[in-house]
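Good morning, everyone. Please look at the model on the screen while I talk. I will start with charged pairs and finish with a hairpin.

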Amino acid sequence: MSRLHDLTVAELRAGLDQRRFSATDLARAFLDRIQASTLNAFIDVRPELTLAQAAQADARLAAGERGPLLGIPVAHKDIFVTEGWRSTAASRMLADYVSPFDATVVARLREAGAVCLGKTNCDEFAMGSSNENSHFGAVRNPWDPQAIPGGSSGGSAAAVAARLAPLATGTDTGGSVRQPASMCGITGIKPTYGRVSRFGMIAFASSLDQGGAMGGSAADCALLLSAMAGFDPRDATSIERPAEDFGRDFGGSLQGLRIGLPQEFFGEGLADDVRAPVQAALQVLRDLGAVTVPVSLPRTALAIPAYYVIAPAEASSNLSRFDGVRYGHRTTGHTDLASLYARSRAEGFGPEVQRRILVGTYVLSHGYYDAYYLQAQKLRRLIADDFTAAFGEVDLIAGPVSPTVAWNLGERSDDPVRNYLADIFTLPASLAGLPGLSMPAGFGAGGRPVGLQLIGRVFDEARLLAVADRFQQATDWHARRPAGAA
Amino acid sequence: MPLTDADVARLARLARLDLSGEQAQRTLGQLNAVLGLIEQLQAVDTRGVEPMTHPTDMALRLRPDEVTEPDGRERYQQGAPAVEQGLYLVPRVIE
Amino acid sequence: MQWEVVIGLETHAQLATRSKIFSGASTAFGAAPNTQASPVDLALPGVLPVMNRAAVECAIRLGLAVGAQVAPRSVFARKNYFYPDLPKGYQISQYEIPVVAGGSLDITWEEGGEPRSRTVRLTRAHLEEDAGKSLHEDFHGMSGIDLNRAGTPLLEIVSEPDMRSSREAVAYARALHALVIWLGICDGNMQEGSFRCDANVSVRPLGQQAFGTRCEIKNLNSFRFLERAIDFEVRRQIELIEDGGTVVQETRLYDPDRDETRSMRSKEDAQDYRYFPDPDLPPLVIAPDWVAAVRAAMPELPQALRARFQAELGLSAYDAGGLAASRQLAAWFERALAALAALLPPTDAAARQAQAKLLANWLLTDMAAALNRDGIEIDAAPVSPALLARLCARILDNTVSGKIARELFAALWLTPGAPDDAVDREIDARGLRQISDTSELEAMVDAVLAAHPKSVEEFRAGKDKAFNALVGQVMKASRGKANPQAVNDLLRKRLAG
């Protein structure tokens with residue numbers, strides 16, 4: 001029998017149902033790997049809680065209950081609040097915070113019988129694309145310890161890539177699921193805005209935040225997303241649609257599928273060692289019967305300024321609740337109320353978070369609102385319209401996830417603008433609220449992974465996953481393992 | 001036009017962030033770099049475009065007027081920095 | 001120089017919902033600190049607001065009551081500022097597109113004994129959440145924060161600057177107070193802060209078009225304070241200007257102990273609320289059929305009721321206004337009127353109006369005084385509508401005089417739950433039946449004339465006062481029971497003879 005951590009979720013499912021191993025065996029196996037790992041992928045691990053959940057899953061299995069995720073271990077990005085495990089958002093502000101309730105996503109997965117392995121590291125309040133903005137330290141890329149794992153869901157991506165967890169939740173505001181998935185060589189999907197409840201997701205930018213699924217394959221992601229998604233009355237932006245099996249379209253042919261290639265995604269900004277694997281992956285899709293069509297998303301470049309106005313604006317307001325009064329970090333050095341606020345927040349938030357709060361405060365402030373915030377929202381509309389036009393001609397859009405492979409740790413810290421520019425291919429779908437997926441498409445310089453991004457129409461997750469699954473039937477990029485996990 | 005030290009001080013006060021001198025300096029440079037990036041917005045003609053506040057054009061869902069939250073003070077105040085007689089304590093509020 | 005005072009009011013009415021505007025926590029008043037503060041009210045990480053349908057319905061009711069536009073689509077916005085009683089660091093309110101726009105309120109008041117009236121225009125009314133409370137009693141130099149009130153639904157009702165005196169402002173506040181209670185959207189309890197006013201006050205030379213610089217006086221939670229605060233602020237601004245100073249636009253606080261307003265600088269520093277649409281809350285859409293349903297369920301409004309009382313019952317504007325002061329009083333009056341009409345079916349409109357007028361007088365004078373004295377509401381009055389109707393019937397059919405009726409009323413007031421015929425039993429038991437029987441009266445008149453020859457002479461000598469003295473003597477002899485009109489007629493006949 002191959003080692004448990006190598007198995008796909010389907011194989012784990014079969015093993016559990018056939019009693020070849022127990023949920024407790026699984027939990028132990030992954031807890032041991034987490035214990036031994038040096039990637040710093042986790043912020044909080046509590047074996048006793050994990051094993052208790054595993055025991056419950058075993059009891060349910062013994063009672064004859066069956067379910068896709070019953071007994072399957074899952075790691076949660078530390079943006080989802082959890083009872084029992086600390087919920088820190090990778091911030092000093094919440095370093096010791098324990099939530100009195102579970103996020104809806106966490107509760108749904110618990111009820112489905114998934115076993116929580118702990119909380120994964122990420123950029124502070126999900127603000128970043130390298131996972132270096134964490135109060136608990138950077139996460140290393142399993143493919144190359146000198147490289148960043150991407151961000152902000154870097155811990156989740158690294159954990160899945162290094163097989164410290166078969167599945168992990170992530171959150172995606174401007175690419176935080178897709179970009180680390182790409183850089184760590186795993187599959188990750190951000191669904192349509194409103195699919196996954198935001199209740200219990202520590203808010204970064206409310207009109208963009210969306211929970212996503214990360215796993216070793218499209219098939220694994222489909223299982224996780226099907227359990228995560230669904231209407232939640234506690235989130236006023238949650239979409240009222242019946243639960244879906246996102247794997248329902250698997251096995252179909254790609255014959256005649258029209259894939260749009262935005263010319264703006266293949267300009268000179270795209271590194272050659274990314275372009276080549278992406279082109280090769282597109283050829284595979286053509287060989288499988290798909291037709292690629294050139295399309296245009298003319299305002300792609302403008303997605304960067306639009307996003308870096310809207311996201312900080314919402315963040316500056318969302319993060320005002322962290323004031324050291326009811327929970328979280330409280331300075332000892334205050335003389336009055338004003339200094340209690342200003343010092344607690346200055347001590348509790350890291351530099352990138354403070355930068356974004358200041359930018360957001362600026363673009364909303366008197367006299368600048370129309371020029372920045374309102375203008376950005378109008379641009380957001382135009383960017384969404386570009387997609388609508390493109391989807392008039394094609395079924396889905398494909399392109400790179402990130403202009404480059406993972407860069408080196410520390411290489412770009414203190415250069416925010418350079419980091420922001422690297423989000424160019426993931427921001428447009430986020431602004432339009434569209435589903436986006438990243439799947440392994442090969443490797444670039446230094447053997448660092450490259451992902452292919454698929455963007456679909458609203459509610460078209462099942463199609464994206466089916467195309468990715470078909471691709472993964474024909475390739476083995478998703479099955480490659482970094483040395484550490486081999 | 002780029003931000004000045006005074007602008008950053010004003011923003012920091014509005015955002016309740018205590019920026020120490022040298023940190024304010026570094027922040028000023030970085031903020032101006034970021035603003036330089038978002039300046040590009042100004043170039044675009046958006047006359048007649050409806051601002052997009054929500055990615056989905058849904059209407060607000062309303063909940064029935066029911067009391068569903070029991071008293072959870074004990075649990076909610078467990079991590080509170082300073083509590084007395086069930087009240088959250090802060091430095092004296094002057095009005 | 002002649003100054004004109006300009007006043008606009010912003011009124012916060014706490015809406016009478018069970019749960020909070022964005023959470024399922026109770027809104028009940030007076031619970032132990034923070035026991036009604038849910039994760040949403042505490043702004044714990046990860047929570048989201050979900051709007052309370054009943055709060056929206058309250059806004060629709062008010063909108064319809066003041067003839068305003070109920071917006072088919074309105075938007076919730078965040079008002080960003082830091083304050084310990086504001087857990088999220090922003091207040092969810094409505095800014096650019098409120099749920100209710102326009103409308104007006106008719107008010108009447110007295111100025112130097114003169115009755116005045118005006119139609120005050122409303123700017124808007126919008127939904128928002130209340131903040132918590134900072135308790136300042138000393139916790140070794142700290143303040144205590146209670147968030148039970150945080151998230152209580154408020155309707156902020158904003159008037160145009162149409163009012164020209166503190167009395168007028170109070171009249172507006174009272175009319176609005178009565179309306180929100182009438183509509184059942186607010187309990188109106190001012191001690192508990194359910195109904196609070198902010199007054200925007202400015203002065204300008206009489207005749208000048210442009211407004212003067214205004215000051216906003218915050219959180220006036222009694223009509224008396226509202227009047228006093230405005231009066232003080234007006235004096236302050238006029239003196240300031242006449243001494244060559246200029247008024248600074250600012251927020252001020254009224255101190256009832258010192259009876260003065262003072263600047264609230266703590267809230268002033270570099271205020272910039274950075275309003276923007278709340279991304280957690282899609283636009284509030286109110287479909288026409290919802291508005292229609294609410295309209296169908298609306299009670300008859302005070303204005304309509306006043307008009308009906310005047311047109312159908314011939315009551316004066318003053319009486320009609322008095323009876324329409326509360327839904328309970330108006331209903332009580334209509335029950336009594338029906339009972340009276342059953343006892344003495346009115347022969348014509350005039351008779352019907354006479355009955356209404358008599359009942360109105362009793363309700364607005366003797367009844368009002370008694371209620372006031374005992375500090376109880378009309379529905380708790382020991383005298384029932386049927387009893388008062390019976391009493392008035394006996395006045396109208398000349399069984400008793402108004403004076404006797406007052407004695408009876410006082411007696412009935414002390415015997416709660418008396419049966420309807422108690423009036424007649426009391427009259428007989430005390431032998432208070434009015435004497436209109438001529439032979440009986442003639443005897444008394446003759447006796448009085450015989451006993452007071454002097455007065456008779458004086459009268460014949462042309463002293464009219466003497467006549468009144470004689471009437472008085474007869475009434476005295478009848479122990480007040482003689483029908484005064486009949487006594488008058490008889491005396492004149494006799495003396496003429």
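R195(A), R241(A), E244(A), R248(A) and E461(A) are joined in a network of salt bridges. A salt bridge here is a side-chain nitrogen of Lys or Arg within 4 Å of a carboxyl oxygen of Asp or Glu.

Some ground rules. This is a predicted model, where local features need pLDDT of at least 70, side-chain atom pairs count only at pLDDT 80 or more, and totals for chains, interfaces and linings use all residues. Residues are numbered from 1 along each chain as its sequence is written, chains are lettered from A and ligands numbered from 1 in the order in which they are written, and side-chain values use heavy atoms, with hydrogens and water left out.

How many salt bridges does a search of the whole structure find? Over all chains, 59.

Take one in chain A. R418(A) forms a salt bridge with E411(A), and their closest N and O atoms are 4.0 Å apart. R418(A) is partly exposed, at 38% relative accessible area. E411(A) is partly exposed too, at 41%. The cut-offs: buried means under 20% relative accessible area, exposed means over 50%, and partly exposed is in between (1.4 Å probe, protein chains only).

Now chain C. R164(C) and E4(C) meet through their side chains in a salt bridge, 3.3 Å from N to O. This pair links distant parts of the chain, 160 residues apart. R164(C) sits in the loop between β12 (153–159) and α3 (166–182) of chain C, and E4(C) in strand β1 (residues 3–14) of chain C. Helices (H or I, at least four residues) and strands (E, at least two) are DSSP runs, numbered from the N terminus. Is E4(C) buried or exposed? E4(C) counts as buried, at 19% relative accessibility. R164(C) is partly exposed, at 24%.

One more pair in chain C. The side chains of E233(C) and R252(C) form a salt bridge, 3.3 Å from N to O. E233(C) lies in helix α4 (residues 223–242) of chain C and R252(C) in strand β15 (residues 251–255) of chain C, so the pair ties together parts 19 residues apart in sequence. Both E233(C) and R252(C) are buried.

**Where A meets B**

Chain A brings 64 residues to the contact and chain B brings 48 (contact means heavy atoms within 4.5 Å). The area buried between chain A and chain B is about 4900 Å², with 69% from carbon and sulfur atoms. Buried area is the accessible area (1.4 Å probe) that two parts lose on being put together, summed over both. L358(A), Y362(A) and R381(A) supply 13% of the area that chain A buries against chain B, more than any other three residues.

Two salt bridges are counted between chain A and chain B. One of them joins R343(A) to D18(B), with the closest N and O atoms 3.3 Å apart. Among the elements giving two or more residues to the side of chain A that touches chain B are α10 (337–348), α11 (351–364) and α12 (370–390) of chain A. α12(A) gives the most to that side, twelve residues.

**A hairpin to finish**

Back to chain C. Strands β10 (residues 133–139) and β11 (residues 142–146) of chain C pair in the antiparallel sense over four bridges. Two strands pair if DSSP finds at least two bridges between them. L135(C) stands opposite G144(C) in β11(C). The hairpin has two residues between the strands, and H140(C) takes a positive phi near 30 degrees.
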